[in-house]
Amino acid sequence: AAQQLAKFQTIGSFAKFAVVISAALAGLVWAKRHVSQQYRARNQVEKAINVALILCSGVAILTTVGIVLSMLSEALHFFKFVSPVDFFFGTEWNPGFSTTGNAEGSYGILPLIWGTLMVSGIALLVAVPVGLMIAIYLAEYASSRLRSWAKPTIEVLAGIPTIVYGVFALMVIGPFFKMVGESIGVNINATSALTAGFVMGIMIIPFVSSLSDDIITQVPRALRDGSLGLGATKSETIRQVVLPAALPGIVGAFLLAASRAIGETMIVVLAAGNSPLLHVNPLEAVSTVTVTIVNQLTGDTDFASPQALVAFALGLTLFVITLGLNIIALYIVRKYREQYE
């Protein structure tokens with residue numbers, strides 16, 4: 001066997017060498033035949049670059065289509081076990097783990113949707129005002145020297161891994177909220193929607209501030225000068241001229257931030273408490289769609305069982321929600337965007 005392997009390796013090396021030499025000679029002959037005074041090499045290069053760019057663009061589109069089709073096929077398989085009505089309108093999430101391959105337990109997604117919206121809403125309540133105020137200060141009040149180092153420093157928050165935020169929420173923010181609640185006589189769980197939402201809001205602050213800052217700085221200087229020339233103060237100019245002019249883009253930035261918050265996983269895995277119950281108290285533990293996907297695909301579960309296939313239905317639902325928010329954001333930006341000379 002060793003001799004045969006050595007023989008095949010020798011033959012393979014010679015064959016590879018022969019193929020490379022043949023391809024080089026063929027290319028040389030082809031180039032010699034096509035090179036002439038009338039040959040426009042730059043046109044051919046432009047065509048090749050255009051084809052390469054089209055292929056690169058198609059990779060992103062085909063990847064998205066492949067993800068959707070893979071989730072859709074597995075989700076349809078899941079709906080053979082569980083009715084879509086029970087899944088989308090059920091108020092109890094308690095999937096049973098069985099070895100028979102049957103769908104035992106309850107698969108209502110409403111507690112997970114509500115938990116996702118609650119955590120995302122708290123995150124936006126933290127990130128939107130703070131991020132917008134940071135953007136206004138950097139764009140309108142800060143000096144160029146301060147802006148040159150303050151904006152990159154704030155954007156460093158976006159590069160911190162989300163697992164670090166999750167550990168920070170679990171070890172620092174959760175116990176702090178619990179201690180504050182005990183001091184004022186309110187029961188606040190260390191792992192709750194408030195803890196996860198607050199830390200998630202800190203995480204998406206640079207996302208909101210960076211997009212809003214770019215949009216505010218695009219408002220023409222002539223609008224500011226005209227307002228100031230009419231006697232308005234700087235704060236009045238910002239409230240009545242700059243923000244209304246930049247409002248469509250700012251709203252789009254908020255919706256994109258909401259999509260980012262809805263799809264977050266690691267922070268809510270560590271800090272939300274993983275309690276899929278339908279309640280309105282943000283001080284108690286909740287569970288989200290992303291946390292449940294992690295739980296359903298973790299462990300020694302049969303991949304063809306409904307207990308595992310439900311993760312694809314959850315993923316497809318989350319994809320549709322975030323896609324809808326992105327479409328709304330793009331619609332608002334395009335419909336109400338101001339065009340300036």
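In what order do the elements of the protein run from the N terminus on?

1. The model is a predicted one, and the elements in it run α-α-α-β-β-α-α-α-α-α-α-α-α-α from the N terminus on. In total, the protein has 12 helices and 2 strands.

2. On overall dimensions, the radius of gyration of the protein is 28 Å, whereas a compact globule of 341 residues would have one near 20 Å. Taken along the principal axes, the box filled by the C-alpha atoms is roughly 85 × 75 × 40 Å.

3. When contacts between residues at least 6 apart in sequence are considered, 71% of them join residues that are at least 24 apart.

4. For the helix pair, helix 4 (residues 110–141) packs with helix 5 (residues 144–155) at an angle of about 155°, and their axes lie 10 Å apart. Because angles over 145 degrees count as roughly antiparallel, helix 4 is roughly antiparallel to helix 5. The crossing of the two helices is left-handed.

5. As for the residues that make this contact, helix 4 contributes Ile134, Tyr137, Leu138 and Ala139, which meet Leu146, Arg147, Ala150, Lys151 and Ile154 of helix 5. Sorted by class, the contact of helix 4 with helix 5 comprises 7 nonpolar and 2 charged residues, with no polar ones.

Note on methods. Residues are numbered from 1 along each chain as its sequence is written. This is a predicted model: local features need pLDDT of at least 70, side-chain atom pairs count only at pLDDT 80 or more; totals for chains, interfaces and linings use all residues. Side-chain values use heavy atoms; hydrogens and water are left out. Axes are lines fitted to C-alpha atoms, for helices over the stretch in contact, and angles run from 0 to 180 degrees between N-to-C directions. Helices (H or I, at least four residues) and strands (E, at least two) are DSSP runs, numbered from the N terminus. Angles under 35 degrees count as roughly parallel, over 145 as roughly antiparallel, 65 to 115 as roughly perpendicular and the rest as oblique. A crossing is left-handed if the near helix is turned anticlockwise from the far one by less than a right angle, and right-handed if clockwise. Contact means heavy atoms within 4.5 Å. Ala, Val, Leu, Ile, Met, Phe, Trp, Tyr, Cys and Pro count as nonpolar, Asp, Glu, Lys and Arg as charged, and the others, Gly among them, as polar. The radius of gyration is taken over C-alpha atoms; the globule rule is 2.2 Å times the number of residues to the power 0.38.
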